[in-house]
Amino acid sequence: MQAAAYLYGLDSVSLEKARVLELGCAGGGNILPFAVAYVQTDVVGVDLSAVQVEQGKAAIAALGLANVKLHAMSLTDIDESFGQFDYIIAHGVFSWVPPEVRQAMLQLLRARLSPKGVAYISYNTYPGWKAGDTVRDAMLLHSHSAHSGEDKLAAAKAMLNLLSDGISASNPLAPSLRAAVAQLRTHSDYYIAHEYLELFNNPCYLLEFAAMAQEFGVVHVGDSEPHVELGATFGQNVQLNHSLIALSQPRIMRQQYLDFAVGRNFRKSLLVHAERSDDIATSPELEKLADLRWAGHFTQADSPEGSPKERVSFTNHKNNPLHTSEIHVLAVIRCLSQVWPRSLTVDELVIACSPTLPELDAEGVRQQVLAALHTLFKLNSLRYTLAPSPYDKADYAKGEHPRLIPGVQWLYKQKQDPAFGVGMFNLWHDSVNIRLAQAEAWLLPYIDGTHSRKQLASLLRDALTRGTVPNTDGKLLKGQRNLDTVADKIVVKLLDLLKRQGVLV
């Protein structure tokens, strides 16, 4: 949020001592990483579910956090006693509550947002949700007589067959409905129930959202993922035609036109006080990308059959594919992957990439690095931040003694209970979902910054020899000798997994 606001020309409050409020925080899984990383902050979460809030409080106690508080209450009951906040977050709430609560949310932003504060509201939006409306109506119709939540979900999912396999070829909405159903089938039952079967789900056009916000004294800045505000992100045809039709139009109108062009169905809007309207850039200021810090992790993958020999394929931290043969892009990808989960400035990237681009002087390397960052930014393939990331503060001089970020071991144990709603995370706010063999899970308490890789392997070797834990294939090795190689392989593989997931420093 801070980095995105900067790209829109807005100053915001330093993260080190910021006050943060999340509306609809559930068990606090979105704000816990921030509270862990910035212990001098004041973090507050509010949610109607007492069960989820209690789970979050258990996590807070286990992690020993004194800077975060969760409240089981309605956001409409937040009053002046809460004070003002520098960052307010409402993810997955706005579209799913009645109109009076949406209005209360915007009133709350006006009242509780500090003068330089930045707010975030996500919501379903048209035109992309038009097909979703039809799918939702059909699912609600077929499930209306079901009594239990399980039966309601089963009936709703049964309707998906009619809207895909059973849809008439003459139905003019067939392509969009099939696409909506195909996308829906990639999601969990929880998502389907929340997104399609709740009493309220009210998408709106961006213009409607911006007008509603304006009524309450706050203004839409842009999306928290600024690359989606750029026509160039969606190809030359979109960029050219959007530029022509949106010429001389106001900022919000330009974005509404782009939403029509790309069929956007979800927005993550940043908002600030209306008094700051004149400070907001018309579009993200890409020259400011040079001022950010960058991070990313890429795993090399098999290239699609028939790809040019020089093209290299990767998957990034979101498991999205990326294919490139550009030397400068490859250089940035490899340099960032090497130091992940840390971030690097552009100047640090120039130094790191220079050996890969020996034919260029320092300025030439810098231009190539910036060009690669522009490309990867538009592809949404990197992490970026204005201030040093939490990982940049870690003591990497002692990197030979790996250490888990706080909470990993405890949250991994809790995930064995499907009813526990607070998941594992890293300090880039990614959800972490890993499955470990018993021998790997046994090692977690020892990855505490006091043991080297060799010491971890020795501990595991002894545990395997004693029969305390089985090998990763499930077989006991009790009494066997010369298990050093076996233990070392397990440790190397585990540490590599934990590093890729961003939970190891």
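Phe94 is buried, with a relative accessible area of 1%; buried means under 20% relative accessible area with a 1.4 Å probe and protein chains only, exposed over 50%, and partly exposed in between. The model is predicted: local features need pLDDT of at least 70, side-chain atom pairs count only at pLDDT 80 or more, and totals for chains, interfaces and linings use all residues. Residues are numbered from 1 along each chain as its sequence is written, and side-chain values use heavy atoms, with hydrogens and water left out.

A search of the whole structure finds 14 aromatic pairs. Rings of Phe, Tyr and Trp (its six-membered ring) pair if their centres lie within 6.5 Å; planes under 30 degrees apart count as stacked, over 60 as edge-to-face and the rest as tilted. The ring centres of Phe94 and Phe209 are 5.3 Å apart and their planes lie at 80 degrees, so this pair is edge-to-face. Phe94 sits in the loop between strand S4 (85-90) and helix H4 (99-112), and Phe209 in helix H9, so the pair ties together parts that are 115 residues apart in sequence. Helices (H or I, at least four residues) and strands (E, at least two) are DSSP runs, numbered from the N terminus.

Phe209 is also buried, at 0% relative accessibility. Tyr123 and Phe209 form a stacked pair, 4.1 Å centre to centre with 15 degrees between the planes. Tyr123 belongs to strand S5 (residues 113-124) and Phe209 to helix H9, so this pair joins parts 86 residues apart in sequence. Both Tyr123 and Phe209 are buried. Phe94, Tyr123 and Phe209 make up one aromatic cluster.

Helix H11 covers residues 251-262. Its twelve residues should span 16 Å at 1.5 Å a residue, and its end C-alpha atoms are 17 Å apart, which agrees. The expected span is 1.5 Å times one less than the number of residues. Ile252, Gln255, Gln256, Leu258 and Asp259 are buried in H11. They cover an arc of only 160 degrees around the axis, which puts them on the same side of H11; the arc is that of the directions from the helix axis to the C-beta atoms. These buried residues pack against helix H9 (206-215), strand S6 (218-223), helix H10 (236-245) and strand S7 (266-273), where contact means heavy atoms within 4.5 Å. Just after H11, Gly263 takes a positive phi of about 65 degrees.

The protein has 18 helices and 14 strands. Of its 505 residues, 49% count as buried.
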